[in-house]
Amino acid sequence: DAVRNFRREDGTTVLIRAGLASGPVVAGVIGSTMPRYDLFGDTVNFASRMESTSQSMQIQIAELTHFLLKNAQGNSRFNMVLRRGEDGFPGIQ
């Protein structure tokens, strides 16, 4: 609700979308002049693809992530619907 009701100074709304995946990643600091912490791996790439193909104001999650969230203790706040994206990847929105 906070994002849905948020308005910029000029009155326009902010629309977000996200991709969420679970799996192995490699993390590390890159660079010496301007060091940055970054994540690498297929899991990151998969989440990025889901984000880029998601609809505005949606969080698209991988099936494994859906399973992990569904079975997490005290998880009664998620309303997830299984669907297949335009790119053919299965996911949960």
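The structure is a predicted model, in which local features need pLDDT of at least 70 and side-chain atom pairs count only at pLDDT 80 or more, while totals for chains, interfaces and linings use all residues. Residues are numbered from 1 along each chain as its sequence is written, and side-chain values use heavy atoms, with hydrogens and water left out.

The protein chain holds three helices and six strands. Here helices (H or I, at least four residues) and strands (E, at least two) are DSSP runs, numbered from the N terminus. Read from the N terminus on, the order of elements is α-β-β-β-α-β-α-β-β. The accessible surface of the chain comes to about 7,300 Å², and carbon and sulfur atoms account for 54% of this area; accessible areas come from the Shrake-Rupley method with a 1.4 Å probe, and for residues only the protein chains shown count as cover. Of the 93 residues, 15% count as buried. In this scheme buried means under 20% relative accessible area, exposed means over 50%, and partly exposed lies in between (1.4 Å probe, protein chains only). Among contacts between residues at least 6 apart in sequence, 50% join residues at least 24 apart, where contact means heavy atoms within 4.5 Å.

Strand β2 (residues 26–30) pairs with strand β3 (residues 36–40) in the antiparallel sense, over five bridges; two strands pair if DSSP finds at least two bridges between them. Five residues separate the two strands of the hairpin, and in the turn Gly-31 has a positive phi of about 95°. Tyr-37 lies in strand β3 and counts as exposed because its relative accessibility is 61%. Together with Val-25, Val-29 and Leu-39, Tyr-37 makes a nonpolar surface patch of about 410 Å². Patches are made of residues with over 30% relative accessible area and no salt bridge, with like charges joined within 9 Å and nonpolar side chains (Val, Leu, Ile, Met, Phe, Trp, Tyr) within 5 Å. As background, side chains in a regular strand alternate between the two faces of the sheet.

Next come the links between strand β1 and helix α2. The side chains of Arg-17 and Glu-51 meet in a salt bridge, at 3.0 Å from N to O. Arg-17 lies in strand β1 and Glu-51 in helix α2 (residues 42–53), so the pair ties together parts that are 34 residues apart in sequence. The count of salt bridges comes to one, the rule being a side-chain nitrogen of Lys or Arg within 4 Å of a carboxyl oxygen of Asp or Glu. Both partners count as partly exposed, Arg-17 at 40% relative accessibility and Glu-51 at 26%. Ser-52, also found in helix α2, is partly exposed with a relative accessible area of 41%. The side chain of Ser-52 reaches the backbone oxygen of Arg-49 at 3.0 Å.

Ala-18, in strand β1, is partly exposed at 27%. Leaving out residues up to four places away in sequence, Ala-18 touches Glu-51, Ser-54, Gln-58, Ile-59 and Gln-60. Met-57, in the loop between α2 and β4 (58–61), has a positive phi of about 65° although it is not a glycine.

Ala-21 sits in the loop between β1 (17–20) and β2, and is buried with a relative accessible area of 19%. Beyond its neighbours within four places in sequence, Ala-21 is in contact with Thr-43, Phe-46, Ala-47, Met-50, Ala-62 and Thr-65. Ala-21 and Glu-63 are 42 residues apart in sequence, yet 8.2 Å apart from C-alpha to C-alpha. Thr-65, in helix α3 (residues 63–70), counts as buried at 4% relative accessibility. Residues up to four places away aside, Thr-65 touches Leu-20, Ala-21 and Ser-22. The Thr-65 side chain also makes a polar contact with the side chain of Ser-22 at 2.8 Å. A polar contact is a pair of N or O atoms within 3.5 Å; within protein, one must be able to donate a hydrogen and the other to accept it, and residues adjacent in sequence count only if both atoms are side-chain atoms.
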